[in-house]
Amino acid sequence: TLTVVNLVNVEDYLRGVVPNELSPAAFPQMEGLKAQAVAARTYALRNRGQFEASGYDICATPACQVYRGRASEHPLTDQAVEETRGIIASYRGSLINALYTSTCGGHTEDAVNIFEGEHEVPYLTGVACLPERSAWDIVRTAASPRGFGEGDRGLNRDAALLIALGVLDPAAYSE
């Protein structure tokens, strides 16, 4: 087996990560891109050495952070990385576990309920993802979700689940 390892400094690594984790074409707001750069930098530094037994520090896939190298760099995300150079997020003197995701389903979960060994910290508690949550208001399908009664107005199964979990208001979907 051959493992190809790209040796780059953290700031150059981020130039190949940030545009793949938060598309500058879809989300060109500089402050959001800068926040992504700080989160990605913090994640990379906190998880450095995670794959040491395999001969590298961090993977290049969604399991870690999507890294596609120089070919994926973008001027906006390069600027975000440069303007936040060296900035990390910490809690009580240690790098935070800077977890992030591209979608949340309307609400995130407390880390203690997902990750083994994770202790409760104020920065890893569940919150509503309001833009994504409101997007469910327009999601429709011809198929009725299983276990959802009459008058469901064509909700898809995911929206029905979010109603059942209390994330969406069922009154908005009643006849």
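A cavity is a set of grid points where a 1.4 Å probe fits but cannot get out, and its lining residues are those with an atom within 4 Å of such a point. Keep that meaning in mind during this tour, and remember throughout that the model on your screen is a predicted one.

**First stop: the cavity**

Select Asp110, Ala111, Val112, Glu118, His119, Glu120, Val121, Leu124 and Thr125, which together line the largest cavity. The structure holds 1 cavity of 30 Å³ or more, and about 40 Å³ of space lies in the largest cavity. If you colour the lining by class, you will find 4 nonpolar, 2 polar and 3 charged residues.

**Second stop: tyrosine 13 and tyrosine 67**

Now turn to the aromatic rings, of which the structure holds 3 pairs. Select tyrosine 13 and tyrosine 67, whose ring centres are 5.2 Å apart and whose planes meet at 25 degrees, so this pair is stacked, given that planes under 30 degrees apart count as stacked. This pair links distant parts of the chain, for tyrosine 13 sits in helix α1 (residues 10–15), whereas tyrosine 67 sits in the loop between α3 (30–46) and α4 (75–83), 54 residues apart.

Are these two residues buried or exposed? Tyrosine 13 has a relative accessible area of 9% and is therefore buried, and tyrosine 67, with a relative accessible area of 15%, is buried as well, because buried means under 20%.

Phenylalanine 51 counts as partly exposed at 23% relative accessibility, and tyrosine 56 is partly exposed with a relative accessible area of 25%.

Return to tyrosine 13 and show its surroundings: leaving aside residues up to four places away in sequence, tyrosine 13 touches Val8, Ala44, Ile58, Cys59, Gln65 and Tyr67. Then widen the selection to the largest nonpolar core, which has 15 residues, and in which Tyr13, Leu14, Val18 and Ile58 touch the most other members. Helices α1 and α3 each supply at least two residues of this core, and the largest share, 4 residues, comes from α3. As general background, nonpolar side chains tend to be buried together in soluble globular proteins.

Notes:
Residues are numbered from 1 along each chain as its sequence is written. This is a predicted model: local features need pLDDT of at least 70, side-chain atom pairs count only at pLDDT 80 or more; totals for chains, interfaces and linings use all residues. Side-chain values use heavy atoms; hydrogens and water are left out. On a 1 Å grid over the protein atoms alone, a cavity is a set of points where a 1.4 Å probe fits but cannot get out, and a pocket is an open set with protein on both sides within 12 Å along at least five of seven lines; lining residues have an atom within 4 Å of a point. Grid points are joined across faces, edges and corners, and a volume is the space filled by probe spheres set on the points. Ala, Val, Leu, Ile, Met, Phe, Trp, Tyr, Cys and Pro count as nonpolar, Asp, Glu, Lys and Arg as charged, and the others, Gly among them, as polar. Rings of Phe, Tyr and Trp (its six-membered ring) pair if their centres lie within 6.5 Å; planes under 30 degrees apart count as stacked, over 60 as edge-to-face and the rest as tilted. Buried means under 20% relative accessible area, exposed over 50%, partly exposed in between (1.4 Å probe, protein chains only). A nonpolar core is a set of buried Ala, Val, Leu, Ile, Met, Phe, Trp, Tyr and Cys residues joined through side-chain atoms within 4.5 Å. Contact means heavy atoms within 4.5 Å.
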